[in-house]
Amino acid sequence: MKTITCALLALCLVACGKAVETRSSDVPERHSSLNREAEFELTTEQFANAFNAASRAYGQSFKINKVEVQHGPIHDYFQHTFPSGISLTAAVSKDTGHITSVTALVAEHGAATESRNNVIAISEVVAAAVNPRMSQGKTTELVQDMLREVSTSQDAGKFPQRFINNVRYVLRSGSGIGYWWIANPV
(Lines give C-alpha, C1' and ligand atoms only; values in the text may rest on other atoms or scores of the structure.)
Protein backbone atom coordinates (compact mmCIF):
# COMPACT_ATOMS: atom_id res chain seq x y z
CA MET A 1 0.00 0.00 0.00
CA LYS A 2 2.87 2.35 0.87
CA THR A 3 4.42 1.63 -2.54
CA ILE A 4 1.21 2.48 -4.40
CA THR A 5 0.77 5.66 -2.37
CA CYS A 6 4.33 6.75 -3.18
CA ALA A 7 3.78 5.99 -6.86
CA LEU A 8 0.59 8.05 -6.92
CA LEU A 9 2.34 10.92 -5.18
CA ALA A 10 5.18 10.85 -7.70
CA LEU A 11 2.70 10.69 -10.57
CA CYS A 12 0.71 13.59 -9.17
CA LEU A 13 3.85 15.70 -8.78
CA VAL A 14 4.79 15.09 -12.38
CA ALA A 15 1.26 15.43 -13.72
CA CYS A 16 0.58 18.64 -11.82
CA GLY A 17 3.83 20.20 -12.97
CA LYS A 18 5.11 20.66 -9.42
CA ALA A 19 8.21 18.56 -10.02
CA VAL A 20 11.43 20.45 -10.49
CA GLU A 21 12.31 20.38 -14.15
CA THR A 22 15.09 21.84 -16.18
CA ARG A 23 14.74 22.13 -19.90
CA SER A 24 17.48 22.52 -22.39
CA SER A 25 16.84 25.16 -25.01
CA ASP A 26 17.45 22.58 -27.73
CA VAL A 27 14.55 20.39 -26.57
CA PRO A 28 11.61 20.98 -28.90
CA GLU A 29 8.23 21.84 -27.47
CA ARG A 30 5.43 19.65 -28.80
CA HIS A 31 2.46 21.57 -27.48
CA SER A 32 -0.30 22.76 -29.75
CA SER A 33 -1.49 26.31 -29.94
CA LEU A 34 -4.05 25.42 -27.28
CA ASN A 35 -1.13 24.58 -24.97
CA ARG A 36 -2.33 21.00 -24.68
CA GLU A 37 -0.18 18.61 -22.68
CA ALA A 38 2.24 16.42 -24.65
CA GLU A 39 1.18 12.80 -25.05
CA PHE A 40 2.64 9.54 -26.20
CA GLU A 41 0.87 8.29 -29.31
CA LEU A 42 -0.31 5.30 -27.28
CA THR A 43 -3.69 4.46 -25.83
CA THR A 44 -3.72 2.39 -22.65
CA GLU A 45 -4.18 -0.86 -24.59
CA GLN A 46 -1.44 0.05 -27.07
CA PHE A 47 0.87 0.88 -24.18
CA ALA A 48 0.12 -2.45 -22.47
CA ASN A 49 0.88 -4.30 -25.73
CA ALA A 50 4.11 -2.31 -26.28
CA PHE A 51 5.12 -2.87 -22.65
CA ASN A 52 4.51 -6.62 -22.86
CA ALA A 53 6.45 -6.85 -26.14
CA ALA A 54 9.38 -4.90 -24.65
CA SER A 55 9.33 -7.13 -21.57
CA ARG A 56 9.62 -10.22 -23.76
CA ALA A 57 12.40 -8.61 -25.84
CA TYR A 58 14.41 -7.88 -22.69
CA GLY A 59 13.79 -11.33 -21.22
CA GLN A 60 11.79 -9.96 -18.31
CA SER A 61 8.68 -11.47 -16.71
CA PHE A 62 6.68 -8.22 -16.43
CA LYS A 63 3.26 -8.50 -18.00
CA ILE A 64 0.23 -6.25 -17.95
CA ASN A 65 -2.77 -8.55 -18.23
CA LYS A 66 -5.58 -6.07 -17.82
CA VAL A 67 -5.80 -2.29 -17.92
CA GLU A 68 -8.45 -0.74 -15.70
CA VAL A 69 -8.51 3.02 -16.11
CA GLN A 70 -9.37 4.92 -12.94
CA HIS A 71 -10.81 8.42 -13.11
CA GLY A 72 -8.91 11.15 -11.29
CA PRO A 73 -9.50 14.88 -10.96
CA ILE A 74 -6.66 15.94 -13.30
CA HIS A 75 -5.84 12.80 -15.26
CA ASP A 76 -7.25 9.40 -15.58
CA TYR A 77 -4.71 6.72 -14.78
CA PHE A 78 -4.09 3.04 -14.50
CA GLN A 79 -1.89 1.15 -12.10
CA HIS A 80 -0.37 -2.26 -12.17
CA THR A 81 1.63 -3.92 -9.40
CA PHE A 82 3.83 -6.82 -10.41
CA PRO A 83 4.41 -9.86 -8.18
CA SER A 84 7.89 -8.50 -7.34
CA GLY A 85 6.22 -5.44 -5.75
CA ILE A 86 7.24 -3.07 -8.53
CA SER A 87 4.43 -0.64 -9.27
CA LEU A 88 3.64 0.97 -12.63
CA THR A 89 1.32 3.97 -12.97
CA ALA A 90 0.41 5.68 -16.24
CA ALA A 91 -1.42 9.00 -16.50
CA VAL A 92 -4.04 9.08 -19.23
CA SER A 93 -5.40 12.17 -20.97
CA LYS A 94 -9.08 12.72 -20.27
CA ASP A 95 -9.42 14.29 -23.74
CA THR A 96 -7.71 11.73 -25.98
CA GLY A 97 -7.17 8.59 -23.91
CA HIS A 98 -3.43 8.71 -24.71
CA ILE A 99 -0.71 8.11 -22.15
CA THR A 100 0.79 11.37 -20.82
CA SER A 101 3.26 9.97 -18.29
CA VAL A 102 4.57 6.63 -17.05
CA THR A 103 6.04 6.15 -13.58
CA ALA A 104 7.59 2.93 -12.30
CA LEU A 105 8.27 2.65 -8.58
CA VAL A 106 10.76 0.16 -7.18
CA ALA A 107 10.49 0.08 -3.40
CA GLU A 108 13.76 -0.14 -1.55
CA HIS A 109 13.78 -3.36 0.43
CA GLY A 110 16.14 -6.28 0.61
CA ALA A 111 19.64 -6.05 -0.81
CA ALA A 112 20.69 -2.87 -2.62
CA THR A 113 21.79 -5.01 -5.57
CA GLU A 114 18.28 -6.49 -5.86
CA SER A 115 16.68 -3.02 -5.89
CA ARG A 116 19.21 -1.83 -8.47
CA ASN A 117 18.56 -4.84 -10.71
CA ASN A 118 14.81 -4.26 -10.43
CA VAL A 119 15.27 -0.59 -11.41
CA ILE A 120 17.31 -1.60 -14.44
CA ALA A 121 14.77 -4.23 -15.49
CA ILE A 122 11.61 -2.12 -15.26
CA SER A 123 13.29 1.05 -16.57
CA GLU A 124 14.54 -0.66 -19.71
CA VAL A 125 11.10 -2.08 -20.42
CA VAL A 126 9.31 1.25 -19.87
CA ALA A 127 11.88 3.14 -21.98
CA ALA A 128 11.53 0.65 -24.83
CA ALA A 129 7.72 0.66 -24.65
CA VAL A 130 7.37 4.45 -24.94
CA ASN A 131 10.31 4.95 -27.30
CA PRO A 132 10.47 1.99 -29.71
CA ARG A 133 12.97 3.77 -32.00
CA MET A 134 15.64 3.48 -29.31
CA SER A 135 17.83 0.39 -29.64
CA GLN A 136 18.12 -2.14 -26.84
CA GLY A 137 21.78 -1.23 -26.34
CA LYS A 138 20.97 2.49 -26.11
CA THR A 139 18.16 1.79 -23.63
CA THR A 140 20.43 -0.28 -21.39
CA GLU A 141 23.18 2.37 -21.58
CA LEU A 142 20.67 5.12 -20.70
CA VAL A 143 19.39 3.35 -17.59
CA GLN A 144 22.80 2.29 -16.31
CA ASP A 145 24.25 5.77 -16.89
CA MET A 146 21.43 7.40 -14.93
CA LEU A 147 21.77 4.87 -12.09
CA ARG A 148 25.49 5.65 -11.86
CA GLU A 149 24.70 9.34 -11.73
CA VAL A 150 22.09 9.01 -8.99
CA SER A 151 24.35 6.79 -6.88
CA THR A 152 27.28 9.23 -7.07
CA SER A 153 25.27 12.40 -6.48
CA GLN A 154 25.60 13.88 -3.01
CA ASP A 155 22.87 16.43 -3.75
CA ALA A 156 19.53 14.90 -2.73
CA GLY A 157 17.61 17.46 -4.81
CA LYS A 158 19.43 16.65 -8.05
CA PHE A 159 18.03 13.90 -10.24
CA PRO A 160 19.41 12.69 -13.54
CA GLN A 161 17.27 13.28 -16.59
CA ARG A 162 17.74 12.71 -20.30
CA PHE A 163 15.86 13.81 -23.41
CA ILE A 164 15.86 11.25 -26.24
CA ASN A 165 13.52 11.19 -29.25
CA ASN A 166 11.10 13.66 -27.63
CA VAL A 167 10.88 11.65 -24.43
CA ARG A 168 12.10 12.91 -21.07
CA TYR A 169 13.42 10.28 -18.68
CA VAL A 170 13.95 11.02 -15.00
CA LEU A 171 15.35 8.77 -12.30
CA ARG A 172 14.53 9.83 -8.76
CA SER A 173 15.55 8.12 -5.59
CA GLY A 174 14.53 8.58 -2.01
CA SER A 175 16.48 7.18 0.87
CA GLY A 176 14.48 4.36 2.35
CA ILE A 177 11.66 4.72 -0.18
CA GLY A 178 13.12 3.50 -3.43
CA TYR A 179 13.45 4.60 -7.04
CA TRP A 180 11.04 6.26 -9.47
CA TRP A 181 11.62 5.92 -13.20
CA ILE A 182 9.54 8.51 -15.03
CA ALA A 183 8.97 8.85 -18.78
CA ASN A 184 7.14 11.88 -20.21
CA PRO A 185 6.71 13.04 -23.80
CA VAL A 186 8.11 16.51 -24.52
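Helices (H or I, at least four residues) and strands (E, at least two) are DSSP runs numbered from the N terminus. This is a predicted model, in which local features need pLDDT of at least 70 and side-chain atom pairs count only at pLDDT 80 or more, while totals for chains, interfaces and linings use all residues. Residues are numbered from 1 along each chain as its sequence is written, and side-chain values use heavy atoms, with hydrogens and water left out.

**Chain as a whole**

- Of the 186 residues in the chain, 47% are buried; buried means under 20% relative accessible area, exposed over 50%, and partly exposed in between (1.4 Å probe, protein chains only).
- Among contacts with a separation of 6 or more, 53% join residues 24 or more positions apart, a contact being heavy atoms within 4.5 Å.
- The chain exposes about 9600 Å², of which carbon and sulfur atoms supply 50%; the area comes from the Shrake-Rupley method with a 1.4 Å probe.

**Helix α2**

- Helix α2 comprises 14 residues (residues 44-57) and should span 20 Å at 1.5 Å a residue, which agrees with the 20 Å between its end C-alpha atoms; the expected span is 1.5 Å times one less than the number of residues.
- The buried residues of α2 are T44, F47, A48, F51, N52, A54 and S55.
- They cover an arc of only 165° around the axis, and therefore lie on the same side of α2; the arc is that of the directions from the helix axis to the C-beta atoms.
- An α-helix has 3.6 residues a turn, so residues three or four places apart point the same way.
- Exposed residues N49, R56 and A57 are carried on the face of α2 turned away from its buried side.
- Just after α2, G59 adopts a positive phi of about 70°.

- β6 pairs in the antiparallel sense with strand β5 (residues 161-164) over four bridges; two strands pair if DSSP finds at least two bridges between them.
- Within this pairing, F163 stands opposite R168 in β6.
- The hairpin of β5 and β6 has two residues between the strands, and N165 takes a positive phi near 50° there.
- β6 also pairs in the antiparallel sense with strand β7 (residues 178-185), over eight bridges.
- The bridge partner of S173 is Y179 in β7.
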